[in-house]
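Subject: Structure for you to look at

Hello,

I am passing on the structure we talked about. Please open it first, then read the notes under it.

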Amino acid sequence: MTDDKDVLRDVWFGRIPTCFTLCQDEITEREAEPYYLLLPRVSYLTLVTDKVKKHFQKVMRQEDISEIWFEYEGTPLKWHYPIGLLFDLLASSSALPWNITVHFKSFPEKDLLHCPSKDAIEAHFMSCMKEADALKHKSQVINEMQKKDHKQLWMGLQNDRFDQFWAINRKLMEYPAEENGFRYIPFRIYQTTTERPFIQKLFRPVAADGQLHTLGDLLKEVCPSAVDPEAAAVIHLYSQLKHPNHLHPRKLNNSSACSSKHDYKLFGAFLKG
Amino acid sequence: MAEEPQTVLQLPPSSAAGGEGLTDVSPETTTPEPPSSAAVSPGTEEPAGDTKKKIDILLKAVGDTPIMKTKKWAVERTRTIQGLIDFIKKFLKLVASEQLFIYVNQSFAPSPDQEVGTLYECFGSDGKLVLHYCKSQAWG
């Protein structure tokens, strides 16, 4: 159980060194220096970039500022995706720091959702937590919680408080002794080779014969092209442990992804506790 | 009401078992949608085979939100929640500035760019996806 806690802490405290640069097209009153920040992998861009916003707005006139948005090498960054996911999908093979361009105009309506307030981020985060629990426990655990417990999950994320978050989240990670696991595993598989959004399907943690399903089993069932040695597709498989209570794919490189020698019991390694 | 050039195909409501008629959801030609939603071509027949291109959605009003006359819809799997919201707002003649929230399992509000096909896979039952819609936040 101790090494599980270490893994949980490692995931929670994962950081990406990032360099924010103002887009050349933005109108400034003087030169804007780049801004450096360590981004938490488990959080959301619009939640952790207030300082970035303030820094660049200092050199701009109010009338030239509208909603902030971020872009990496021409790709608008979806604020509602966890930061670690964005990085692994788009920039993991590039040298650090992650170079993100900041914009204050020409919001790309077709590519991005608006983020009108911190409340919007909270609503999105809580919805993800609820969706995950709908799969794990038919929403029973999260619905039985009090409003203050929900608030604590959010505050834990917002304030980077591991213990505060996990005091509540551990209840969402439990299952009855007589069961061998959750009803279904919440997961999303993102592929870099397609425009299609993520794959999300029903997947039980235990097979009919009582054996625990492995990560390889999951891939074989929902994303068979991923385990085809001939396929050129690079799958980004994330183990963003329990964030936000979804198993996001973990990155594997080409050939090792396909050999599937990684027999991670879905429960033992990643989701137990 | 002023009729824009609409491409909604209305099948006459069936009085056979099954109740209300299934209607195609057409794309909003003026409202931009997140790129993951595909346009629906009116009049497309569902291809035979296991993966139906369209899924059945049952819309239920919450609270004092107006009730849709047609509640059952056949919708392309790739249609997004935002696309569905825009459609319902138009159908109910709500103004663009009015908010509309959609809930799954009466518990969570999926992201606007979420595809209905994925929601159906994970949360559908008895061959359909039940969605509750509300002008205010019903389940937080």
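Chain B has a mean pLDDT of 74, and 63% of its residues reach 70 or more. This is a predicted model, and the confidence is given for each residue. In chain B, residues 1-22 have a pLDDT below 50. That stretch still has 31 contacts in the model beyond near neighbours in sequence. Residues 26-50 of chain B also stay under 50, and for them the model has 46 contacts beyond four places in sequence. Where pLDDT is low, the predicted coordinates should not be read in detail. For the model as a whole, the scores are ipTM 0.82 and pTM 0.79.

Next, the interface. On the chain B side, 23 residues are in contact with 18 residues of chain A. The size of an interface is often given as the accessible area lost when the parts come together. Between chain B and chain A the buried area is about 1600 Å², and carbon and sulfur atoms give 55% of that area.

Which residues form the salt bridge? Glu115(B) pairs with Arg196(A), and their closest N and O atoms are 3.0 Å apart. By class, the side of chain B that touches chain A has 11 nonpolar, eight polar and four charged residues. Four residue pairs are in polar contact across the interface of chain B and chain A, with both residues at pLDDT 80 or more.

Regards

Terms used:
Residues numbered from 1 in each chain as written. Chains lettered and ligands numbered in written order. Predicted model: local features only at pLDDT ≥ 70, side-chain atom pairs only at ≥ 80, totals over all residues. Heavy atoms only, no water. Contact = heavy atoms within 4.5 Å. Buried area = accessible area lost by both parts, 1.4 Å probe. Salt bridge = Lys/Arg side-chain N within 4 Å of Asp/Glu carboxyl O. Polar contact = N/O pair within 3.5 Å; in protein donor to acceptor, adjacent residues only side chain to side chain. Nonpolar A, V, L, I, M, F, W, Y, C, P; charged D, E, K, R; others polar. pLDDT = per-residue confidence, 0-100.
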